[in-house]
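Here are some notes for a colleague who is opening this entry for the first time. They are set out as numbered points, to be followed with the structure in view.

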Amino acid sequence: MIQSETLELLEWPRLCEHLATFAATKLGAFAARHLRLPATQSESLHLLAQTKEVYELESKLTSGLTFEGIQDIGEFLERSELQGILSGQELLAIATTLAGMRRLRRLIDAQEDVPVLGSLVAEVRTYPELEQEIHRCIDDRGDVADRASPKLAGIRSQLKSARDRIYQILQGIIQRQGAALQQPLITQRSDRFVLPVKAPQKSAIPGIVHDSSSTGSTLYVEPKSIINLGNQLRTYQRQERVEEEAVCRALTEQVAAVKPDLEQLLVVATKLDLATARARYSLWLEANPPRFIDPKDIITLHQLRHPLLVWQQQHEQGTAVVPINVQIQPQIRVVAITGPNTGGKTVTLKTLGLAALMAKVGLFVPAREPVELPWFEQILADIGDEQSLEQSLSTFSGHIRRISRIIEAMGTEGRGDAEMEDEEDEGDKGDKEDEENKEDKEDISHSSIPNSQFPIPKQQITNNQQPTTNNNSLVLLDEVGAGTDPAEGSALAIALLKYLAAHAQLTVATTHYGELKALKYQDERFENASVEFNDSTLQPTYRLLWGIPGRSNALTIARRLGLNPVIVDQAQTLVGSSSEDVNEVIAGLEAQRRRQETKEREASGLLQQTERLHQEVSDKAKLLQERERELKLEQEQAVQKAIAQAKEEIAKVIRQLQQGSASAQNAQKATKALEEISQRHQPQVPKPKQKPGFRPKVGDRIRIPRLNQTAEVLTAPNNDGELRVRFGIMKMTVPLEDVESLDGQKAEIVVKKKTTPTVVAPPPTPVRTSQNTIDLRGSRVADAEFELEQAIGQAVSSGVLWIVHGKGTGKLREGVHAFLARHSLIDRFELAGQSDGGSGVTVAYLK
């Protein structure tokens, strides 16, 4: 009983209603509204595993798990077992449920890393042969189809013929006796075909009158000529119904034969839908999976939010939800929360209770990771007021009765019924009569607690080191000890909390009694917490502060709300300076805590910024490394391509030498071609610095490094620093800077001022290759400019670009010339020679 009371007090049914909205089937919604609390931790872990796997599938799959076609067929299965006959619609619902479950099982079987869901659907039988038989006999509208049996098809054929004959006869009567009819139409009365005949002319159409209009002016007459056909039609209809019933009975018997398997299928479908609802609700809450910890570990719930308040904020335009932080050390057994009214103490209790319940049933908890809390066997609460005039219960008596039920539910030693009734009578009389209240004060005090309420020795209550039990319960108490004399209520609250510290895993209680704040400093199993209050706005902030007891704000609020200062001062005098000192100390602790939280937020912000910058730098470094690898690869590919092209061009020069006459002029041309190839493709290698001083003489043997040849000097260097050399049958002129001695000494270069202008020799004829040629024929001027821009950038190394534009109308050539004329990298351009294309080709020289 107390368990159901606790669920009502925590508003668990409301949360279940919210969960039901995420279910896809009626079965899942019903199960969500009536969630059963698991009895063991292993069962909760199994439910959590289901929720996690569905959560991952929902994130991975585009449309998530689909339950299309699955219906609640439980009632149909029960009726089939009782030898009832299912209708076509009910049989069709069974077929669609089988098909829907088969699709769901195939979808799960196709996924990886879902062992829990896979084992859940592994034993499901979907009976495709039964589904096919139902679809063969029942059409999409739920009616028995003609193909269900040959006899039914024959009956319906006769039925159609009779109906057509009736329509034919009635249409003839309408054409002949149209003046006697109110309207030229065929209708039915009592399943008989009739015509609307005017009452004065009923003799014109003899037959049976089946009905008349409300005014009596129209008679619905079945003509005599179709009476026999109507009787025959009724016979066929009866035969049709009998045959349809036979088809449905046969299908129902097949369903009844596999009823256990179909019931198991419904169970699995319900579990899957409920797991999906849990996953979708958790995703909507932005919740995280909990981890059940041992009692020796720290309970950690960061930024915990009340799920019902989140729903209210999202769907009912409620205020923003203020999260709380919960971190409870392993030795703590009781947490006493103090603070002003409407500060959020009761909401905190409900939030903790709902979090424990959500984790227990396999839901994620609306808190930041990590979510770590124990698995509580029981969650028991006394929240709110159980005052009842009908039952003659005061507020105090109502709390005591509920707390008694909590203690009994925990399985601890209880009181006798007579003792409970005696104490309730004392509580009632104490609230009603002053004299009896004084007697109660003598019986209950700080030093004397009645054993009838807590049947343990008094010395065990007052001793800080009480023996603890293994009762794994979470107890939530709101305004413990309230509703009676403050002195007695405070004493009772202290005794109750010490008792629960010895018998419950964790107790969280709210109170206004200042004496409970001191328990933390007397017993290490106790902890203080408070709800924050803003002194400036006189409003609660709903933040939960740990380790700091709540302070009294009554006098401060009264003074700021305009109460006579004389009264407030007198009250302060009555309270005493010690209370004011305690409040000042607590206020100082709160201010210090706020400063620390501000610094923590700033440090957290700096840490996040640092991590973000570190990530950005790491990402840029990875991009640079990747770009470097790409550039190296491109360079290697370009070098390989250049080497291959150079080999082709050198081979071409060699073939020309081999095919032509071995004249000096041809040799010189070949030498220049080789020089050009070398300049284009040979990488510039830094030359080692050599000692100057070598000056070649006629007849000396020298080396030409760039040609990798040894040559003989034919003439001494002239004023231009050039000399003529011979290697093999080839003679050529080379500059001094290109030669060196056989031992590696560089030639001494003498620079002389020239008084006569230098005659610049015409540039050598460029060699046309596929790399410095671009074909623009067929392109528009705008497209050609874009391709030219790219080709010029690639031809910078060769210094010349051959542009094939064709002759045609000359528009493309004019556009190309206009573009080259204004380009900054073009030195000059001219039409190619006749042998190279003439006016259809332009040669552009780059700067």
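## Notes on the predicted model

1. A second open sheet of four strands has the order 15-16-17-18, and here the pairing is antiparallel. Strand 15 (701–704) and strand 18 (730–735) are the edge strands, each pairing on one side only, while neighbouring strands of this sheet are turned against each other by 45° on average, direction ignored. Strand 15 pairs with strand 16 (residues 709–713) in the antiparallel sense over four bridges, and in strand 16 the bridge partner of Arg703 is Thr710.

2. Strand 10 (residues 378–382) deserves a careful look, as five of its five residues are buried. Both of its faces are covered, with Gln378, Leu380 and Asp382 buried on one side and Ile379 and Ala381 buried on the other. Strand 10 runs parallel to strand 11 (residues 473–477), to which five bridges join it; Asp382 has Leu477 as its bridge partner in strand 11.

3. How are helix 1 and helix 14 set against each other? Helix 1 (residues 2–9) and helix 14 (residues 395–409) pack at an angle of about 120°, and their axes are 10 Å apart; the two helices are therefore oblique to each other. In this contact Ile2, Glu5 and Leu9 of helix 1 meet Arg402, Arg405, Ile406 and Ala409 of helix 14, a set of residues that divides into four nonpolar, no polar and three charged.

4. The largest nonpolar core has 64 residues, and those with the most contacts inside it are Trp12 and Val335. Helix 13 (residues 345–360) provides the largest share of this core, namely eight residues. Leaving aside residues up to four places away in sequence, Trp12 touches Leu7, Leu35, Leu354, Leu357, Met358 and Val361. Apart from this core lies another, of 46 residues, and among them are Leu61, Leu86, Ala95 and Cys248.

5. For the chain as a whole, the secondary structure comes to 24 helices and 22 strands, and 43% of the 847 residues count as buried. Among contacts in the chain with a separation of 6 or more, 67% are accounted for by residues 24 or more positions apart.

How values were computed
Residues numbered from 1 in each chain as written. Predicted model: local features only at pLDDT ≥ 70, side-chain atom pairs only at ≥ 80, totals over all residues. Heavy atoms only, no water. Axes fitted to C-alpha atoms, helices over the stretch in contact; angles between N-to-C directions. Parallel < 35°, antiparallel > 145°, perpendicular 65-115°, else oblique. Contact = heavy atoms within 4.5 Å. Nonpolar A, V, L, I, M, F, W, Y, C, P; charged D, E, K, R; others polar. Core = buried A, V, L, I, M, F, W, Y, C linked by side-chain atoms within 4.5 Å. Buried < 20%, exposed > 50% of the residue type's maximum accessible area, 1.4 Å probe, protein only. Pairing = 2+ DSSP bridges.
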